[in-house]
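User: Please take a close look at one part of this model and describe how it sits against its neighbour.

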Amino acid sequence: MGKMGRPKSDVIKDKIVSIRMSDKEYIKLRDYSERHQQTITETIKKGVELLYKTKE
């Protein structure tokens, strides 16, 4: 029998970014993510994409 587990992705995501937040900031982020039925990671990634799209 072959190996079990998650299939390999074409895009390797091996970079980790960490930030520190206050309780108030974290709760606000968590609540937003829950309301929009997405993970905190998805919420942050979408926020970063919005920053890229804005004019400098």
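Analyst: Tyr 26 lies in helix H1, helices being DSSP runs of H or I with at least four residues, numbered from the N terminus. The model is predicted, with local features needing pLDDT of at least 70 and side-chain atom pairs 80 or more, while totals for chains, interfaces and linings use all residues. Residues are numbered from 1 along each chain as its sequence is written, and side-chain values use heavy atoms, without hydrogens and water.

H1 (residues 23–35) and H2 (residues 40–53) have axes that come within 9 Å and cross at roughly 95 degrees; axes are lines fitted to C-alpha atoms over the stretch in contact, with angles from 0 to 180 degrees between N-to-C directions. H1 is therefore roughly perpendicular to H2 (65 to 115 degrees). Tyr 26, Leu 29, Arg 30, Tyr 32 and Ser 33 of H1 meet Ile 40, Thr 43 and Ile 44 of H2, contact meaning heavy atoms within 4.5 Å.

Terms used. Helix = DSSP H or I, 4+ residues; strand = E, 2+ residues; numbered from the N terminus. Parallel < 35°, antiparallel > 145°, perpendicular 65-115°, else oblique.
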